[in-house]
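Reader: Hi! I'm new to this one, could you walk me through it?
Author: Happy to, let's bring it up and start with a pair of helices.

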Amino acid sequence: MNSENLFGECKKIIPGGVNSPVRAFGGVGGTPFFTRRADGCLIKTEDGKTLIDFVCSWGPAIFGHNNARIKNAIMNALENGTSFGTPCARELEMARLITSMVPCAEMVRMTNSGTESTMSAVRLARGFTKRDKIVKFSGCYHGHVDSLLVMAGSGAITFGTPNSAGIPNDFARLTIVLPFNDLQSLENCFKAQGSEIAAVILEPFPANVGLILPKKNYLEKLRMLCSEYGVVLIFDEVITGFRLSSGGAQKLLGITPDLCALGKIIGGGLPVGAFAGKREIMEHLSPSGDVYQAGTLSGNPLAMAAGAEALKMLKELNPYAELKSKADFIVSALKGAAKEKGIALQVPQAESLYSVFFNDEEVSNYDIAMRSSTKLYAKFFNKCLEGGVYIAPSAFEVSFMSLAHSKEYLERAAEVMVGALKSL
Ligand SMILES: *Cc1c(COP(=O)(O)O)cnc(C)c1O
């Protein structure tokens, strides 16, 4: 079956035809392609097409798809069984890797997704502080957690339902939403309600509304305010963790949160998440403390094998300069073409992450991001796809670079993307 037929069949028995909304191409039009297999930086579709992939499974494929070392690690683990429901030694290896790499991580608990990690980190912060309110920022996405699905990013924006149905107002009421990069509103909020706030949760580099860069000293000030008011600072590093540096955004910035949520890269392509942080907070988790959190498959040997292999490779290879220079190449090609053609384009970049906004203003918050042209993005996306380059199927997602993007494929991709821009 080709993608068109597969999607038609899926729509009959899977809501919207997909198991995660942004895959449906709602933001860019057309039928999503179905992937048959993926190797390195290439995706092969069920239609027999080969695409250069800049979505990289939404981040996890930092070494490219189907990496041999990760595959071997999974196969070796598989020999001994898939899930035990008892502790296993691989969990210790994983915990040691995470605590050695992530600055805030004195203790860590494994989960199966980013959503579980942010959900659990917020519960832990509430249990620890005995306060109910939390602060999030408009445009930041933290998975589909009830109290965090307020003014969230890409999927929700793309589908025009920033506040999902099914979330009681009473839950959302405890979530204070602030504009990112606005120091004054942060200070006002803390002055008025600081002693009632359990946690501030944010993506230190918001990357689910396109990419937004934190203004100078903004996160430093946030760190100080949280310390002053006894508020737990949670960095959601599900994207930025192991991506912006071996220790995530917190290591890159030199700002240590109290807790952080991890996902995506940490699983080496299998479904894994984790949350980690200060010992005095983490010890409040069950069974050592009174905040309940659990997972039947959490820490299972296959996921631990894949994740640990990925983290070991990051430690060994320290690939961050190389990843950044690959992103630099594409970003400068895009900027150059936009300038030449007189297209209002913003291409914010943080290390190997970047995004494309059709916008004449620098994008420093959600409101400005929302003024970007989604129409132009959809055209750009479809031109790229026609040319064999797959970028995020939403104007409000970032592009992911992998180590498997060779010079040859980067040059080919740049040519296609520049051509797509010039054709707009
Ligand atoms: C992807 C993502 C999540 C959710 O992770 P899932 O594994 O999809 O549940 C949470 N936070 C951020 C910043 C993400 O990008």
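Author: Helices α7 and α8 run roughly parallel to each other, because the angle between them is under 35 degrees. Keep in mind as we go that this is a predicted model.

Reader: Thanks! What angle do α7 and α8 pack at, and how far apart are their axes?
Author: The angle is about 5 degrees, and the axes are 11 Å apart. Helix α7 covers residues 183–193, and helix α8 covers residues 218–229.

Reader: Which residues meet there?
Author: From α7 you have Leu183, Leu186, Glu187, Phe190 and Lys191. They meet Tyr218, Lys221, Leu222, Leu225, Cys226 and Tyr229 of α8. By class, that contact has eight nonpolar, no polar and three charged residues.

Reader: Okay, what about α14 and α15, what angle do they pack at?
Author: About 140 degrees, with the axes 9 Å apart. Helix α14 is residues 374–386 and α15 is residues 407–422. That angle makes α14 oblique to α15.

Reader: Is their crossing left-handed or right-handed?
Author: The crossing of α14 and α15 is right-handed. On the α14 side, Phe380, Lys383 and Cys384 make the contact, and on the α15 side Val416, Met417, Ala420 and Leu421 do. Those residues divide into six nonpolar, no polar and one charged.

Reader: Nice. Which residues does α2 use to meet α11?
Author: Helix α2 uses Arg69, Ile70, Ala73, Ile74, Ala77 and Leu78. The contact of α2 with α11 counts 11 nonpolar, no polar and three charged residues.

Reader: And how do α2 and α11 cross?
Author: They cross at roughly 145 degrees, and their axes come within 8 Å. The crossing of α2 and α11 is right-handed. For finding them, α2 spans residues 68–78 and α11 spans residues 301–317.

Reader: Switching topic: which residues surround the ligand?
Author: The surroundings are Ser113, Gly114, Thr115, Tyr141, His142, Gly143, Glu203, Asn208, Asp236, Val238, Ile239 and Lys264.

Reader: How far is Thr115 from an oxygen atom of the ligand?
Author: A polar side-chain atom of Thr115 is 2.6 Å from a ligand oxygen atom. Gly114 has a backbone N or O atom 2.9 Å from an oxygen atom of the ligand.

Reader: And which ligand atom does Asp236 sit by?
Author: That one is a nitrogen atom, 2.7 Å from a polar side-chain atom of Asp236.

Reader: Last topic, the backbone. Is the peptide bond from Ser286 to Pro287 cis or trans?
Author: That bond is cis, with omega near 5 degrees. You'll find Pro287 in the loop between α10 (279–282) and α11.

Reader: What is the phi of Ser57?
Author: Ser57 has a positive phi of about 60 degrees, although it is not a glycine. Look for Ser57 in the loop between β3 (50–53) and α2.

Key
Residues numbered from 1 in each chain as written. Predicted model: local features only at pLDDT ≥ 70, side-chain atom pairs only at ≥ 80, totals over all residues. Heavy atoms only, no water. Axes fitted to C-alpha atoms, helices over the stretch in contact; angles between N-to-C directions. Helix = DSSP H or I, 4+ residues; strand = E, 2+ residues; numbered from the N terminus. Parallel < 35°, antiparallel > 145°, perpendicular 65-115°, else oblique. Left-handed = near helix turned anticlockwise from the far one by under 90°. Contact = heavy atoms within 4.5 Å. Nonpolar A, V, L, I, M, F, W, Y, C, P; charged D, E, K, R; others polar. Near = heavy atom within 4 Å. Polar contact = N/O pair within 3.5 Å; in protein donor to acceptor, adjacent residues only side chain to side chain.
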